[in-house]
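Me: I would like to learn how to read strands and cores in a structure. Please show me one to work on.

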Amino acid sequence: MIRLAVVFGGMSSEHDVSCVSAKTVIDALDRTKYEVTCIGITKDGKWYLVEDEDTISNREWEKNEELAKAVISPATDHKIIINSKSDYREKEIDVVFPVLHGLYGEDGTIQGLLEMAKLPYVGCGTLSSAITMDKFFTKVIADSVGVVQTPYVGVRSYELSDMEKLVEKIEKERVYPMFVKPSCAGSSIGITKAHNRDELISGLKLAAQHDSKILVEETINGREIECAVYGAGDTAIVGGLGEIVAGAEFYDFDAKYNDEGSLTITNPDISEEKKAEIKEKALKIYGACDCYGLSRVDFFLERGSDRVVFNEINAIPGHTSISMYPMLMEEAGYPMSQYIDGLIEMAFNRKKY
């Protein structure tokens, strides 16, 4: 029996989505193989042992004042330290599955803790998690391997102190409409589309509330294509391709999770030649960012030219009922219980790749 700790919640703006993803993953686990310990992290960073799994996705666990505190020790003896009102104990674990979206979970921070503890864990390592979380540095990596991507301008928040100068600089380099994005926020949090100067200014101010680094990108008129990449090293595969059809003007957080008009399409109508090109570039980005286990890689297929343009990469893709990654893996013949077993096996074999 493998002693598995699933960690979820977290301090990012994607806390709620993480709880839903975690419950989906937990439900897919084969309990004849795994002894599961669930650890929830609140929005203010408190760690708790969550024994009632039915309270995870609806976040009822956060209202339970009787929960024991539980943290993963950074010491190398592979233990969870549990402290309730009545006792203090330790619980041994073998491997960790972080289902933490966004900052303080998907960005290399918890991966660094697990590296210190010498604990096997699912997914990308410390460096690749940090790179893929930061859209600006992902752009740098994509440039280095020659993958075409959306034209962009990088902005630091201190530049907003002279807004007129900053806007003139951006307008000189890029044309409207533009997307304004925090560099390190996931699930389309803090993203706006600017059609003019006033919207650009308000978009920059909003993005700066989420990160000190901001990306301003030209709009690509294209279909949004997502890839499920799975595996390690030269054994990595693209499980499948899917298409996002946003119910709103673009696929922001509300369109992703609340707009019933948004659609996710598996096996979209794309030529085999273009599918092969997208898959090749997805693997190229995945390898260049030193990804491991799983990631979702997103592209635009430009209308008119059919040009494949890289958008971004997500190191811990969502596992909600509407999330693309599990849909694409299922479509490719990898049901969730099967590929989760594979991810956990890879966690134990990280040093082999």
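Reply: Start with pairing: two strands pair if DSSP finds at least two bridges between them. Helices (H or I, at least four residues) and strands (E, at least two) are DSSP runs, numbered from the N terminus. This is a predicted model, where local features need pLDDT of at least 70, side-chain atom pairs count only at pLDDT 80 or more, and totals for chains, interfaces and linings use all residues. Residues are numbered from 1 along each chain as its sequence is written, and side-chain values use heavy atoms, with hydrogens and water left out.

Me: How many bridges join strand 9 to strand 11?

Reply: Five, between residues 178–182 and residues 213–218, and the two strands run antiparallel. V180 has V216 of strand 11 as its bridge partner.

Me: What is the strand order in the open sheet of four strands?

Reply: The order is 8-11-9-10, with antiparallel pairing. Strand 8 (152–156) and strand 10 (192–194) are the edge strands, each pairing on one side only.

Me: Which residues touch the most other members of the largest nonpolar core?

Reply: A nonpolar core is a set of buried Ala, Val, Leu, Ile, Met, Phe, Trp, Tyr and Cys residues joined through side-chain atoms within 4.5 Å; buried means under 20% relative accessible area (1.4 Å probe, protein chains only). Here the core has 38 residues, and V6, F97, I340 and I344 touch the most other members. Helix 10 gives the most to this core, seven residues.

Me: What is I344 in contact with, leaving aside neighbours within four places in sequence?

Reply: Contact means heavy atoms within 4.5 Å. I344 is in contact with L4, L29, Y34, V95, F97 and V122.

Terms used:
Buried < 20%, exposed > 50% of the residue type's maximum accessible area, 1.4 Å probe, protein only.
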